[in-house]
Structures are given as C-alpha cells and as structure tokens.
Amino acid sequence: MRRVWVVGVLLVGLLLGACTDPSSGPEDAPPAPGVPASSPVTEHRRPVASPRAPAKAPTVLYLGDSLAMENQRVLGQQLTRDLGARYTSAPYSGTTLCDYLEGTGARSLVPDRDKAAALVRSLHPDYVVLQFWGNAWGYTWCMDGITHDASPTEYFDRYTADAERLTEQITVAGGSKRPRIVWVLQGPDPMTPERVRRVNSLYEERAAASGDLVADAGGTVSPAGARQTWVQYLPCTAYEHDHPDYCTQPDRDRTALHLDKDYLHFCLAPTTATPKPCPVRSPGILRIAREITRVVGESLGE
C-alpha cells in the first residue's frame with residue numbers, strides 16, 4: 001500500500017508542475033498574491049495574405065493556462081496564415097477561469113490589464129478562445145482552496161459558476177459587438193479522466209447556453225474511438241506524413257504527443273524555468289491549433 005501511495009503522489013506532483021508551468025516541479029510554490037506566476041508572452045499579429053483567407057479577417061483573442069502558453073505561437077501562425085486573422089494572446093501559466101474574472105484583484109494570477117473583459121473592451125475581438133485544463137489542486141488563490149480531490153461536487157459547482165461569470169463579463173464588455181467564445185475541449189487525463197470529461201461537458205453546456213462554439217482540440221490528441229483514453233503516441237496523420245518533422249517515428253508510423261515525464265503538456269522541448277511558447281515542432285500542439293483554426297474558420301460563414 002505504501003508503494004502505491006508514493007507512486008500516486010509522484011504522479012500528482014508531475015502533473016501539478018506541468019499544469020502550472022511547463023518548467024516547474026512540484027516543489028515550486030506560487031508567488032505572493034498580486035504577483036503573476038509568469039508574464040504572458042503576449043503576441044499581436046497582423047493579417048497575412050493567404051489564398052484561403054476569408055473575405056473578412058477575424059480578430060481573435062486567445063486566453064488560457066500553461067497549455068495556451070505553449071500553444072500560442074503556433075495557433076497565431078495558423079490563424080493568420082489560414083484566416084488572415086488579427087491575433088492577440090495573453091495566457092498565464094497556472095491559471096483557471098476565475099483568474100480572468102474582473103473583481104478578483106490581488107487574489108488572481110492575472111493582472112487587471114489582462115482580464116478577459118478588459119482585453120475585450122480594448123481589442124474588440126470577434127472571437128475569444130478559452131483553453132483551460134481546469135486547475136484542480138487549488139494552485140491559484142481565486143479558487144478559495146477548492147480542489148477536485150477534496151470536494152469534487154464543490155469543485156464542479158464553482159467551475160460552472162466561474163464559466164457563467166466569465167461568459168457574462170465578456171458579453172457585457174463586448175457591448176453591441178459581443179465576441180463569440182470558443183471553448184477548447186481538453187485531451188484525456190491519465191490521472192483524473194472523469195474530471196476532464198466533466199470539465200469538457202461543462203464547456204459544451206456553456207457554449208450551447210450562450211450560442212458560442214466548441215473546438216474539440218482534445219479529440220485530435222485522442223485515439224480514434226477512445227476519446228477518454230490517454231496515450232503518448234498516435235498514428236501519424238496524412239498531414240504529418242506530408243510534413244515529416246511532425247511524424248516523429250515514421251518507421252513505426254506514429255508520432256509523439258508528450259515527453260516521457262509530462263502527461264499533460266504537448267511541447268516536445270525540455271522544460272525551462274520560465275514559461276514560454278513551445279520552441280520546437282510538436283505534433284500535439286499543431287493538431288490542437290489546426291482544430292481551433294478550423295472551428296473559427298467554419299463559423300465565419302454562419
């Protein structure tokens with residue numbers, strides 16, 4: 001029994017470090033309240049001419065946690081290349097929905113200038129893409145110590161309420177030009193698969209209630225016919241075969257989604273002390289970015 005408990009603690013520690021910061025280990029504590037866990041690598045991109053770009057180039061705002069932190073550059077490239085989008089990203093590692101709510105003040109990992117509503121008022125985006133794994137360990141103060149492990153019911157109630165509040169704040173901030181929210185569904189979680197399934201269902205329900213969109217990016221990093229099953233490798237897609245840098249093991253017709261010691265993130269580069277966009281080609285990140293771009297692009301004609 002002791003051995004099982006130790007292994008479980010080690011796995012949770014690995015995921016906790018991964019969820020909060022691609023470079024942090026479980027020994028790293030969050031900064032004092034009022035100090036962001038990391039400054040986001042905020043990117044602003046102008047439209048890029050593309051033969052596939054729609055007549056009206058959308059303005060896209062991308063917010064989220066460490067998954068968004070590592071994805072942001074590739075998503076910006078896909079959106080600007082395929083849709084001619086004007087793109088801004090402001091992710092913060094370790095965050096969850098409540099961090100982007102206005103009114104949280106010093107108890108948030110996101111400064112007031114980068115709250116979702118504040119950015120909507122200043123940028124007037126057509127789309128707000130939200131990608132959150134769903135902080136489950138109370139790593140950010142705005143969760144008031146509520147954790148999935150200690151109280152699943154309270155955790156899901158709080159997460160549902162925060163999703164509703166964030167939608168309301170974005171709606172009010174958008175005024176007569178209310179942006180469409182794109183809720184990004186997460187990939188499988190080997191530690192708490194039911195938690196992620198319920199978080200994804202919550203996103204789908206929220207999108208349906210407010211007329212918003214869902215991008216099942218997590219489905220692109222899941223096995224065919226086994227949406228809730230976590231895997232480290234998947235068969236290479238046709239695109240990955242055509243672009244060999246994204247088919248990491250062509251002799252075995254499979255590509256890597258995760259590093260050996262990181263069950264959550266999709267960046268295939270060694271971790272560093274400072275959260276940043278992924279610096280190497282990573283198949284999982286590209287799959288996620290392409291799916292988000294596809295959903296935004298298809299909605300332009302609605």
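This is a predicted model: local features need pLDDT of at least 70, side-chain atom pairs count only at pLDDT 80 or more; totals for chains, interfaces and linings use all residues.
Biologist: How many disulfides does the structure hold?

Modeller: The structure holds 3 disulfides. A disulfide is a covalent bond between the sulfur atoms of two cysteines.

Biologist: What makes C98 and C142 a disulfide?

Modeller: Their sulfur atoms are 1.9 Å apart, and the cut-off is within 2.5 Å, so the pair counts as a disulfide.

Biologist: Where do C98 and C142 lie?

Modeller: C98 is in the loop between β3 and α3, while C142 is in the loop between β4 and α4, so the bond ties together parts that are 44 residues apart in sequence. Both cysteines are buried.

Biologist: Why is the disulfide of C98 and C142 called right-handed?

Modeller: Because the torsion about its S-S bond is about 70°.

Biologist: How do you know that a disulfide joins C236 to C247?

Modeller: From S to S there are 2.0 Å. The limit is within 2.5 Å, so C236 and C247 qualify. C236 sits in the loop between β7 and α6, and C247 in the loop between α6 and β8.

Biologist: Why is C236 called buried?

Modeller: Buried means under 20% relative accessible area. C236 has 10% relative accessibility, so C236 counts as buried. For C247 the relative accessible area is 4%, so C247 is buried by that rule.

Biologist: What makes C267 and C278 a disulfide?

Modeller: Their sulfur atoms are 2.1 Å apart, which is within 2.5 Å, so the pair meets the cut-off. The link has 80° about the S-S bond and is right-handed. Both C267 and C278 lie in the loop between β8 and α7, 11 residues apart.

Biologist: What pattern do the disulfides of the chain follow?

Modeller: Counting bonded cysteines along the chain, the pattern is 1-2, 3-4, 5-6.

Biologist: Let's turn to a histidine. How do you know whether H148 is buried or exposed?

Modeller: The relative accessible area of H148 is 16%. That is under 20%, so H148 is buried. H148 lies in the loop between β4 and α4, and among the residues it touches are Y155, F156 and R195.

Biologist: And which residues of helix α3 are buried?

Modeller: In α3, A116, A117, A118, L119 and V120 are buried. These residues pack against β2, β4 and α4. Just after α3, H124 takes a positive phi of about 50°.

How values were computed:
Residues are numbered from 1 along each chain as its sequence is written. Side-chain values use heavy atoms; hydrogens and water are left out. Buried means under 20% relative accessible area, exposed over 50%, partly exposed in between (1.4 Å probe, protein chains only). Helices (H or I, at least four residues) and strands (E, at least two) are DSSP runs, numbered from the N terminus. Contact means heavy atoms within 4.5 Å. Lists of a residue's contacts leave out its neighbours within four places in sequence.
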